[in-house]
Amino acid sequence: QVQLVESGGGSVQPGDSLRLSCAASGSILRIYTMGWYRQAPGKQRELVATSTSGSSTSYAGPVKGRFTISRDNAKNTVYLQMNSLKPEDTAVYYCHAAIVAMGGQFPQNYWGQGTQVTVSS
C-alpha cells in the first residue's frame with residue numbers, strides 16, 4: 001500500500017514563508033510526477049506546482065516567483081517552499097503523486113490527507 005504524508009502547514013502573517021513536505025512510502029516501484037494542489041473554501045481544487053521525475057517544474061500563475069517545488073528522489077519526498085505568502089494563498093494544500101506500486105504496471109494517482117495553510121494578519 002502506498003501513502004503520502006504531508007507536513008509543514010500552519011498559520012502565518014502576510015509576507016511570511018512556509019515549507020511543506022510530502023513523503024511517499026509503501027510498496028513503491030516508481031514515482032513519476034509529484035505536485036501540490038490547493039483548495040480554498042468554496043472553491044475547486046487547483047494545481048499549484050508540479051515536478052516530473054526528471055525534475056522539470058511548472059507553476060500556476062498566481063504562485064510563480066513566490067513558490068518553489070523541489071524533490072528528493074532518494075527520499076521519495078516533494079517540498080513546496082512558499083515565500084511572500086498572501087491571504088489569497090489560504091487553503092488546504094494537498095500533495096499528489098503518480099506512482100507505480102509494486103506488482104502494478106501503470107501509474108495511479110495518490111493524494112495526501114491535506115495540510116491547512118492560513119495567511120492572515
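In which strand does Arg38 lie? I looked this up to open my notebook on this predicted model, and I found Arg38 in strand S4, which covers residues 28–39.

**Arg38 and its surroundings**

Next I asked myself: is Arg38 buried or exposed? Its relative accessibility is 6%, so Arg38 counts as buried, the limit being under 20%. I then checked its side chain for polar contacts. One joins Arg38 to the side chain of Glu46 at 2.7 Å, and another reaches the side chain of Tyr93 at 2.9 Å. I also listed what Arg38 touches beyond its neighbours within four places in sequence: among them are Gln44, Val48, Pro62, Phe67, Asp89 and Val92.

**Rings**

How many aromatic pairs does the structure hold? I noted 1. Tyr37 and Trp111 form this pair, edge-to-face, with 5.0 Å from centre to centre and 65 degrees between the planes. I liked that the pair links distant parts of the chain, since Tyr37 belongs to strand S4 and Trp111 to strand S10, 74 residues apart. Trp111 itself is partly exposed, at a relative accessible area of 37%.

Which charged end sits over the ring of Trp111? I found that of Arg45, 4.7 Å from the ring centre.

**A loop residue**

My last stop was Gly104, in the loop between strand S9 (91–101) and strand S10 (108–111). I noted Gly104 as partly exposed, with a relative accessible area of 33%. From Gly104 to Pro14 I read 44 Å in space, C-alpha to C-alpha, and 90 residues in sequence.

Conventions:
Residues are numbered from 1 along each chain as its sequence is written. This is a predicted model: local features need pLDDT of at least 70, side-chain atom pairs count only at pLDDT 80 or more; totals for chains, interfaces and linings use all residues. Side-chain values use heavy atoms; hydrogens and water are left out. Helices (H or I, at least four residues) and strands (E, at least two) are DSSP runs, numbered from the N terminus. Buried means under 20% relative accessible area, exposed over 50%, partly exposed in between (1.4 Å probe, protein chains only). A polar contact is a pair of N or O atoms within 3.5 Å; within protein, one must be able to donate a hydrogen and the other to accept it, and residues adjacent in sequence count only if both atoms are side-chain atoms. Contact means heavy atoms within 4.5 Å. Rings of Phe, Tyr and Trp (its six-membered ring) pair if their centres lie within 6.5 Å; planes under 30 degrees apart count as stacked, over 60 as edge-to-face and the rest as tilted. A charge sits over a ring if NZ of Lys or CZ of Arg is within 6 Å of the ring centre and within 35 degrees of the ring normal.
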